[in-house]
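I opened this model to look up its packing and its confidence values. My entries follow in the order in which I made them.

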Amino acid sequence: MDIGAVVIAVAGMAGTLGGAFVTQRAAERAKRRELDLVRDREQTRDDLLLRRTCYVELNRDARQFTTALNHHLHLIREDAVEDADRQVLDEAKRAHRDRYSEAQMIAPDEVLARAGAVNQALNAVYGRVKRLERGSAAGSAAGDTPDAVAAAREEIWELLRDMRAAMRRDLGVSPDG
C-alpha cells in the first residue's frame, strides 16, 4: 500500500471521527445552555412566588395591625381595655414585625422603602396607643389625645396603599399600581 494512500485514509478517518466529536460537543453545549435557561426560568418563577407570598402576608398583617390599633383605640375611649385585648394587639404587632423582617430580606428597595414607612407609622401609633392606655403624662405632654392618635392611624391607610402599589408593580400585576 502506498504511504500517500495511507495518509489520505488516516486523514479521512480522522476527519470523520473529528467531525463526529465536534458535533457531539456542540450538542452537549447546546443542551447545557438549554438546561441553564430552564434553571434560570425556574429560579425567576420561584423568586416571584416567594416575593408574592411575602407581599400578601405583609399586606395582610399590616392591615390587621392597623385594624387592631383602631379597635384598641376604641376600647381606650370606652375605658374597656382588658388583658385579652392587649394580647390581641401585641399579637398583631408581632405578626407584622415578622412579615416586615422577611420582606427586608427579599423585597427590592422601592417596596422596602414603602414597607418601612408603614412599619414606622404603625410602631409610632402603637406607642401612642400604649401611652394613652396607660394614661401616661408623657403621652399627654406629646399631644397623644384619642383624636390625635386616630388621625395618625388614618394616615397609615394611605401608606398601606402606597406599599401595595409598589408591591403590585414589582410583581408585574399593575404598571402603575
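**Notebook entries**

I began with Leu 122, which I located in helix α3; helices are DSSP runs (H or I, at least four residues), numbered from the N terminus. I noted that the model is predicted, with local features needing pLDDT of at least 70 and side-chain atom pairs counted only at pLDDT 80 or more, while totals for chains, interfaces and linings use all residues. Residues are numbered from 1 along each chain as its sequence is written, and side-chain values use heavy atoms, without hydrogens and water.

I found Leu 122 buried, at a relative accessible area of 0% (buried is under 20%, exposed over 50%, partly exposed in between; 1.4 Å probe, protein chains only). I listed its contacts (heavy atoms within 4.5 Å) beyond four places in sequence: Ala 62, Phe 65, Thr 66, Leu 69, His 96 and Ile 156. Thr 66 lies 56 residues away in sequence, yet the C-alpha distance to Leu 122 is 6.9 Å.

I then turned to the largest nonpolar core, which holds 31 residues, with Leu 69 and Met 163 making the most contacts inside it. Such a core is a set of buried Ala, Val, Leu, Ile, Met, Phe, Trp, Tyr and Cys residues joined through side-chain atoms within 4.5 Å.

I checked confidence last: the protein chain averages a pLDDT (the predictor's confidence in each residue, from 0 to 100) of 88. Where pLDDT is low, predicted coordinates should not be read in detail.

How values were computed
Helix = DSSP H or I, 4+ residues; strand = E, 2+ residues; numbered from the N terminus.
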